[in-house]
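Start with the structure itself.

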Amino acid sequence: MSSILDSKTPEGPLADKWQNFKANEKLVNPANKRKFKVIVVGTGLAGASAAATLAELGYQVDAFTFHDSPRRAHSIAAQGGINAAKNYRGDGDSVHRLFYDTIKGGDFRSRESNVHRLAEVSVNIIDQMVAQGVPFAREYGGMLDNRSFGGAQVSRTFYARGQTGQQLLLGAYQQLARQIGQGGVRLFNRSELVDVVVIEGRAAGIVVRDLMTGELSSHSAHAVVLATGGYGNAFFLSTNAMACNVTAAWRAHKRGAFFANPCYTQIHPTCIPQSDDFQSKLTLMSESLRNDGRVWVPKVAGDNREPHLIPEDERDYYLERLYPSFGNLAPRDISSRAAKRAVDAGQGVGPKQNGVYLDFGEAIGRLGRDTVAERYGNLFDMYERITGENPYDVPMRIYPASHYTMGGLWVDYELMTTIPGLYAAGEANFSDHGANRLGASALMQGLSDGYFVLPYTISNYLSEWLNKSVPDTSHPEFAKVENEARDRYNRFASVGGTRSPDWFHRELGKIIWDYCGMERTEAGLEKALGEIPALYEEFKKDLRVTGGTDGLNQTLEKAGRVEDFFELGMLMCRDALDRKESCGGHFRAEYQTEEGEALRDDDNFAHVAAWENTGDPMAPNRHVEDLVYEEVHFQTRSYK
Amino acid sequence: MTNTLKNLTLKVWRQDGPNTSGSFETHTIEEITDEASFLEMIDILNERLIEDGEEAIVFDHDCREGICGTCSLMINGQAHGPERGTATCQLHMRKFSSGDTIVIEPWRASAFPIIRDLMVDRSSFDRIVEAGGYITAATGGAPDANLIPVPKPVSDAAMDAAQCIGCGACVAACPNGAANLFTAAKITHLNLLPQGQAERYSRAEDMVETMDSYFGSCTNHGECEAACPKEISIDVIALMNADYRKAKVQNRKQLSRT
């Protein structure tokens, strides 16, 4: 164990740290800001808000997205809402309570100072988004409405129907569009990062591939921000969009950035169960549905009667039974495992017996069909489109699916990775959610990082470089990295095997899901660490990419992303194997209480595991950042 | 319950690039479950093409939840296919029958040049938003969110317009290739809200004129509303036109004073 990781947590009591940081950070004066160029990769909530704000401040910003438009980023699919400690309900909320709920929700595996800052700026996010015209739900008096979300006993979630992510992303995209229109940001669309360039120990720029022409190009800057999302698609089947991938973060990792807690993945309890073997993705049904829907399975395994024929006393409302104080709003990791246990015990429902019911019968009786339709109408419609069943009449069927990844690039308090000048924001970093993320916190974190954290912390680094020259793209390292990328794509195109990248991705995803999914064991992880490298070898020999490397080739793009998932998959399993405890989304069957709950080992594992690339994906170096709690005390996380 | 569809004939548009001519290519799907989504059917076809050593059909898609607006297929002459209020990615095979012939084309509009096969370039939409589809509110200076009360009906109407996913079905469905529904949805979202008032008329003017520089003119066919996967009402076009007219009159008055 070494501790070369410096979190750069500011001095002072927890509640004052962010203020102290802002009081003492180095600034760049307005006239000098235009001398600095910042590259922002990714234009989701974190990337778009960071790019727009940095440009407003006067920095030159180059923004990159692999989509056709910044508005397509997967932040757009978030449904339920965004948390903020506004206490507009007067129900006892406060910055401290949001902070505490997030720490507890993360199973005491997140950095206290980062989480407190997140809770502090949460209130600014709502103000900012309303000023930008986000049409949040309102009450008749014109004030903002709130709803409840898992893991909290207050109503602090702001929402825009079931499309909160869409409305927030459009808000951030519009600010970015304003800067693009005014020349503050240069946008490179349909451009995918293929590598990060590090010169003399600092991030000097990136190499991107123009997805339309296949051309590789180099871009230099004073600082690089990766806001490139999570790696949930490592499982192949997930609620992520089809193109979501780990490539940007992984390329940075291979160039020296440490990757933290890769085994912390969130399996969301309410997704539509898989219906067939060639399914391309799973669809989330918002957690907000659990405000009114009741989760149950038949008490007797194998009971395949129609749900309305199963009488009340033969149903097991297992969340209400096991977790009476939180009931159907128990946090995600806990609800997911409970669903898995029910299905594993043979109580699963539906044609493949691979789901549990989420029943609105009681809510429709209590509130009326119209009120339920007003709250959840668009989600009900979506469910019907996908399954052909009407959830007003028949209970929904749900099952857990990969949804979010808490792990990501290790960053310090200033969101800088272990490569100076390289930042990671939003889901791409590991910083705020510990071992489990609470609902409605991802949008909060993305916007917090982009609007209210990075624009402050980046000047602390940039100020050192005022009037000093940094290498531009004529530096030979850029050409070298470009050539490596070119060789890599040529390699994919020339294997000439028999299997498509998608085939390998699906097979890889199955291994990771089976052994590094909702429940992990030492034997299973060891097995995965045998199977993944074997499949990777096959990938290298038997891949088939049709079409060339010049010009648009979606099969080639996919091959690059899948290759990075192979190496990441090995690291996920390695991390899960070495973390000999259960916490949040990481559940090791060997470490559980008599009641089957996660059993943490605070004496040995109250730390962040940050992995250093050694060139051999099977033998990375594990570094440790101890988590020091000044304000909260370890507790057994209970939602009973 | 699950059914299996048999013997589907697909006529798929293939085109190498923006400046080459394209043609239909015929493929047969012998069997597919009706639980499959339309795009999963294309995935399966693409897997087969790759196995046969051919290039996969290029098409835009991403979230497959009907919200990102990336997917964009003309299916049997209808933008996003036969199901109302549904984007291509949410369309499932249960809407088709055994023996059907399905014609799959890209969006066709001069402002959306074809990039390859079924993929088109919709960046002209971004240019419209860049011209004024925002509220100028720099980060950091916002007042408390509840200081700006917004009546619920106003907020709901703004949200109805704000649901636009920017897919371009309205343009593809319009005989004139007009983008009025898209532009009006964005203008209406912002112009209804109290926060949007300061830039209301300049926004309408700048966005409409940018739109006009790329797209055809609206002649009230109403095809856009019928094709919209978010079922945005054509009423927003009337609201946009009213604001645009006011903006022009105001400008005239100001000019006459100078």
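## Chain B against chain A

Six salt bridges cross the interface of chain B and chain A. The model is a predicted one. One salt bridge pairs Asp68(A) with Arg122(B), and their closest N and O atoms are 3.5 Å apart. Polar contacts between chain B and chain A come to 49 residue pairs, with both residues at pLDDT 80 or more.

On the chain B side, the elements giving two or more residues include strand S2 (23-33), helix H1 (38-51), helix H2 (123-130) and helix H5 (180-192) of chain B. Which helix gives the most? H3(B) does, with seven residues. By class, the side of chain B that touches chain A holds 36 nonpolar, 20 polar and 23 charged residues.

## Extent of the chain interface

Chain B puts 79 residues into the contact, and chain A puts in 79 residues. Interface size is often given as the accessible area lost when the parts come together. For chain B and chain A, the buried area is about 6,400 Å². Carbon and sulfur atoms give 50% of it.

## Two domains in chain A

Chain A has two assigned parts: domain 1 (268-403) and domain 2 (488-626). Their C-alpha centres are 30 Å apart. The contact involves 14 residues of domain 1 of chain A and eleven residues of domain 2 of chain A.

These two domains of chain A bury about 870 Å² between them, with 52% of it on carbon and sulfur atoms. Three residues stand out on the domain 1 side. Arg337(A), Lys340(A) and Arg341(A) supply 51% of the area that domain 1 buries against domain 2, more than any other three residues.

## Polar pairs and elements at the domain interface

How many salt bridges does the rule find between domain 1 and domain 2 of chain A? It finds zero. Polar contact is found for six residue pairs, both residues being at pLDDT 80 or more.

On the domain 1 side, helix H9 (332-347) and strand S15 (396-405) of chain A are the elements that give two or more residues. H9(A) has the largest share, six residues. The domain 1 side that touches domain 2 has six nonpolar, three polar and five charged residues.

## Glu312(A)

Glu312(A) sits in a loop of chain A, between strand S12 (294-298) and strand S13 (315-316). Glu312(A) counts as partly exposed because its relative accessibility is 48%. Its side chain makes a polar contact of 3.1 Å with the side chain of Tyr317(A).

Gly350(A) is 38 residues from Glu312(A) along the chain. Their C-alpha atoms are separated by 18 Å.

Definitions and conventions. Residues numbered from 1 in each chain as written. Chains lettered and ligands numbered in written order. Predicted model: local features only at pLDDT ≥ 70, side-chain atom pairs only at ≥ 80, totals over all residues. Heavy atoms only, no water. Helix = DSSP H or I, 4+ residues; strand = E, 2+ residues; numbered from the N terminus. Buried < 20%, exposed > 50% of the residue type's maximum accessible area, 1.4 Å probe, protein only. Polar contact = N/O pair within 3.5 Å; in protein donor to acceptor, adjacent residues only side chain to side chain. Domains from an automatic or database assignment. Contact = heavy atoms within 4.5 Å. Buried area = accessible area lost by both parts, 1.4 Å probe. Salt bridge = Lys/Arg side-chain N within 4 Å of Asp/Glu carboxyl O. Nonpolar A, V, L, I, M, F, W, Y, C, P; charged D, E, K, R; others polar.
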